[in-house]
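Subject: Structure handover

Hello,

Here is the structure I promised to pass on. Please open it before reading further.

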Amino acid sequence: MTAVHATSRSPAASRRSTSASPPAPLRLGDISFLNCAPLRWGLAYSGAREELDMVSGPPEWLAEELLAGRLDAGPVSLVRYLRHADVWELLPGGVAVGSDGPVHSCHLVSRAPLESLDGAVVALSEASRSTALLARMLLEDAVGVRPRYCSAPQNLDDMLAAADAAVLIGDEALRLRARPPAGLRVQDTGALWRSWTGLPMVFAVWVVRREVAREHPERVRAVAAALADAAERARAHPEAVATAAAAESARGPSGRLSEQVLLDYYRVLDYSLGDRQFAAVREFARRAAARGEVPENRTLPPVSGGRL
């Protein structure tokens with residue numbers, strides 16, 4: 001600051017400028033599953049994690065926190081976004097969790113072939129609404145059976161004790177694929193959707209509350225840029241990411257997953273929300289609306305940006 005600028009400012013104004021605190025960081029949600037471990041690693045590696053106020057939890061809990069205004073931005077299941085697109089906006093540039101084929105962590109598990117589940121009971125995990133609805137679409141519209149459904153806490157043994165099949169997501173599903181029990185058929189819902197529609201599957205998207213996007217556009221863009229940078233860094237260091245994620249998995253109740261399992265997992269996960277993924281979102285939205293699960297004729301904004 002020059003002498004002229006210093007003398008032109010009143011003492012009171014000078015005190016206000018030096019005592020002003022920086023704006024609080026946006027409160028950002030983080031899916032606590034291993035599907036977001038690469039982003040957590042990338043944010044820590046770049047140093048951006050220190051600038052973010054992050055809270056981890058399962059997708060349904062994050063959605064409730066966003067709706068209550070206790071989070072500003074974060075990932076939510078695709079169904080949740082479609083139901084609340086009037087109050088949430090997609091994060092600039094487009095950030096998602098999806099796959100173009102097998103996803104490794106969202107499964108239909110049964111003892112018998114899916115074709116034999118007509119009239120059978122299927123337990124749907126309470127952990128995510130998108131995969132539960134996707135499973136219903138696959139069974140009824142793709143396979144052509146009409147099961148009965150119940151919602152259940154995610155525990156495979158308990159689910160199969162009360163049902164003929166179960167929908168399992170997240171880290172438990174990833175462990176099941178790595179070590180499938182004898183006598184169970186494990187069907188990857190991402191692969192089934194791709195075979196049926198020819199499209200990738202988007203399981204979750206990052207959103208921001210509309211009022212936050214309007215009031216703090218630069219800060220929202222900064223969060224989106226930090227996530228994009230984190231994804232790029234994670235893609236450039238797959239072994240380091242898998243090692244860190246394996247250590248993270250060891251803290252769970254079911255034990256450690258190997259680096260190779262996680263390397264295979266992160267090769268199929270896609271954080272993009274470009275044209276091809278958005279076509280899949282529209283197809284899912286159309287089918288969900290036909291079932292009365294999301295509002296009809298939901299106007300979805302275009303997303304700029306490609307692969308993250």
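Predicted model: local features only at pLDDT ≥ 70, side-chain atom pairs only at ≥ 80, totals over all residues.

Five strands make up an open sheet. Their order is E8-E7-E9-E6-E10, with mixed pairing. The edges are strand E8 (148–152) and strand E10 (185–188). Each has a single partner strand, so one side of each lacks a neighbour in the sheet. From one strand to the next, the twist averages 25 degrees. Helix H9 (residues 189–197) packs on this sheet and touches E6 and E10. The direction of H9 makes about 55 degrees with that of E10.

**Strand E9**

E9 covers residues 165–169. Five of its five residues are buried, so the strand is largely enclosed by the rest of the structure. In a regular strand, side chains alternate between the two faces of the sheet. Both faces of E9 are covered. Ala 165, Val 167 and Ile 169 are buried on one side. Ala 166 and Leu 168 are buried on the other.

The pairings of E9 are as follows:

- Strand E6 (residues 106–110) pairs with E9 in the antiparallel sense, over five bridges. Cys 106 has Ile 169 as its bridge partner in E9, and Leu 108 has Val 167.
- Strand E7 (residues 121–125) runs parallel to E9, joined by three bridges. Here Val 122 has Ala 165 as its bridge partner.

**Helix H3**

Why is helix H3 (residues 37–46) largely enclosed by the rest of the structure? Seven of its 10 residues are buried. These are Ala 37, Pro 38, Leu 39, Arg 40, Trp 41, Gly 42 and Leu 43. Note that Arg 40 is on that list. The cover over these residues includes strands E1 (27–31), E2 (53–57) and E11 (201–209). It also includes helices H11 (217–236), H12 (238–249) and H13 (259–268). After H3 comes Gly 47, with a positive phi near 90 degrees.

**The cores**

The largest nonpolar core has 79 residues. Which of them touch the most other members? They are Tyr 81, Leu 91, Val 205, Trp 206, Leu 262, Tyr 266 and Phe 284.

Best wishes

Conventions: Residues numbered from 1 in each chain as written. Heavy atoms only, no water. Core = buried A, V, L, I, M, F, W, Y, C linked by side-chain atoms within 4.5 Å. Buried < 20%, exposed > 50% of the residue type's maximum accessible area, 1.4 Å probe, protein only. Helix = DSSP H or I, 4+ residues; strand = E, 2+ residues; numbered from the N terminus. Contact = heavy atoms within 4.5 Å. Pairing = 2+ DSSP bridges. Axes fitted to C-alpha atoms, helices over the stretch in contact; angles between N-to-C directions.
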